[in-house]
Amino acid sequence: MKPVIVVHGGAGRIFKEREEGSRSGVRRAALRGYRILKCGGNALDAVEEAVAVMEDDPHFNAGCGSVLNEKGEVEMDAILMDGKNLASGAVSAVKCIANPIKLARLVMEKTDHMLLTDQGAFAFARAMGFPEVPGEKLITTRSLERWKKNLEADSNPQEFQKDLGTVGAVAIDSAGNVACATSTGGLTNKLVGRVGDTACIGSGGYADNSVGATSTTGHGESIMKVVLARLVLYHMEQGKSPEDAADIALDCMKTRVGGLGGVIVISRSGDWAARFSTKQMAWATVKDDLLQCGVYAGERHKESAEEALSTMGS
C-alpha cells in the first residue's frame with residue numbers, strides 16, 4: 001500500500017491576509033506527516049505529528065492559535081483514533097497544554113478510558129510529566145482582539161465564528177492502517193466548559209481499517225447532531241466514493257440542521273477527498289509523492305513532494 005496523508009486547517013472564512021499562511025501551514029503539516037509515512041512510520045504517528053505542527057501554528061484555531069472562551073481563557077479539545085483496533089483517545093476543555101493531540105495519544109495508550117476532561121485531563125497530564133505552558137502563552141494578539149470585540153454591545157459573535165480553523169489529519173500507511181486526528185480551540189467567547197464535536201468519537205473524527213478515516217471541521221453543534229465523521233464512513237460502506245460520501249453527509253447536515261462544515265476523508269484503498277460547504281477550507285494532501293493543496297473550491301496547487309521536503313528542513 002502506498003502511504004497517503006490529507007490534512008485540513010478548518011472550514012469557514014479565511015481572511016485574505018491569512019490565506020497564504022493557512023496554505024503554507026497545511027502544506028507543512030502534510031509534508032511532516034508524509035515524511036513519517038515515507039520512512040515506514042505508521043498512520044497514527046503521522047496524523048499526530050501533522051496536527052501538532054498546526055497546533056504550533058498561530059494561523060489555526062488549535063494549540064497556540066486557539067480562540068478564547070467567555071472569560072478570556074484558552075480551552076481546547078482533541079481526539080485521535082487508530083483504525084486497526086478502533087482505539088481512541090481524547091481530551092476536552094484542557095488548558096495550559098501546547099499540544100492537546102499528544103495528550104490525547106497518552107489517554108489512548110496509558111489509560112483504560114477514551115476521554116478525559118478539564119481538571120481530570122490536566123491532573124493526568126501532570127502525572128505523566130506532560131509539559132505545561134502558562135495559559136497566556138497560548139493567547140495570540142488576534143485571539144485577544146476578537147474576544148474583546150465580542151464583548152462590545154453591538155458585536156455580532158456569529159460573524160467572528162466564520163473565521164475559525166480547527167485542524168485535522170487522516171492517513172493510511174504502507175501496512176494499510178488508517179488513522180485520524182482532530183484538534184481545536186472551539187468557538188470564540190464560548191461558555192466555560194463547552195465541548196464541541198472534536199473530542200466526540202464519530203463526530204470530530206473516526207477511523208476504521210475496514211472502511212477508512214475522516215476528520216471534520218465546522219459548526220460543532222451541527223456536526224454532533226448528525227455524527228458527521230461516522231456518517232461519511234457509513235456512506236462509504238454503502239459503496240460511495242470518499243468524495244460522494246463527504247458531499248452527501250455535508251448536504252445532510254446543511255439540510256437537516258442548517259450547519260456548514262468540511263471533511264477530509266481517506267478510504268482503505270488510499271482514495272481521498274477534501275470537501276466543504278463553507279466558503280473556504282485550507283487543505284493539503286500527499287499521494288504518490290505529489291503534494292496538492294488549496295483553500296477555495298476547485299483550487300488545487302500541485303508540486304513535487306520530494307522537492308518540497310528537501311526545502312522544508314527539519
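1. Start with helix H3 (residues 100-110), which lies across strand S2 (76-82), S3, S4 and strand S6 (178-184). Helix H3 runs at about 130° to S3. Axes are lines fitted to C-alpha atoms, for helices over the stretch in contact, and angles run from 0 to 180 degrees between N-to-C directions. Helix H4 (residues 118-127) also packs on the sheet, where it touches S3 and S4, and its direction makes about 105° with that of S4.

2. A word on what you are looking at: this is a predicted model, in which local features need pLDDT of at least 70 and side-chain atom pairs count only at pLDDT 80 or more, while totals for chains, interfaces and linings use all residues. Residues are numbered from 1 along each chain as its sequence is written, and side-chain values use heavy atoms, with hydrogens and water left out.

3. Now follow the sheet under those helices. It is an open sheet of 9 strands in the order S4-S3-S2-S6-S5-S1-S11-S12-S13, with mixed pairing. Strands pair if DSSP finds at least two bridges between them. At the edges sit strand S4 (115-117) and strand S13 (301-304), each pairing on one side only. From one strand to the next, the twist averages 10°.

4. How much of strand S12 (residues 290-296) is buried? Of its 7 residues, 5 are buried, so the strand is mostly covered. Buried means under 20% relative accessible area, exposed over 50%, and partly exposed in between (1.4 Å probe, protein chains only).

5. There is another open sheet to trace, with 4 strands in the order S7-S8-S9-S10 and antiparallel pairing. Its edge strands are strand S7 (205-208) and S10, each pairing on one side only. Strand S8 (residues 212-218) and strand S9 (residues 261-267) pair over 7 bridges, and serine 215 stands opposite isoleucine 264 in S9. Helix H8 (residues 228-237) lies across S7, S8 and S9, at about 140° to S8.

6. Which residues make an aromatic pair? Tryptophan 272 and tryptophan 283 do, in a tilted arrangement with 5.5 Å centre to centre and 40° between the planes. The rule is that rings of Phe, Tyr and Trp (its six-membered ring) pair if their centres lie within 6.5 Å; planes under 30 degrees apart count as stacked, over 60 as edge-to-face and the rest as tilted. Tryptophan 272 lies in strand S10 (residues 272-276) and tryptophan 283 in strand S11 (residues 280-287), so the pair ties together parts that are 11 residues apart in sequence. Both tryptophan 272 and tryptophan 283 are buried.

7. The UniProt record (unreviewed entry) places the feature "active site" at Thr166. UniProt positions are given in the numbering used here, feature names are shortened, and annotations may be inferred rather than shown by experiment. Threonine 166 sits in the loop between helix H6 (157-161) and strand S5 (167-172), and at 9% relative accessibility it counts as buried. Leaving aside neighbours within four places in sequence, its contacts (heavy atoms within 4.5 Å) include His8, Asn61, Thr184 and Thr217.

8. How many disulfides are there? The count is 0, where a disulfide is a pair of cysteine sulfur atoms within 2.5 Å. Take cysteine 200: its sulfur is 13 Å from the closest cysteine sulfur, in cysteine 180, which is too far for a bond. Cysteine 200 is partly exposed, with a relative accessible area of 24%, whereas cysteine 39 is exposed at 68%.

Methods: Helices (H or I, at least four residues) and strands (E, at least two) are DSSP runs, numbered from the N terminus.
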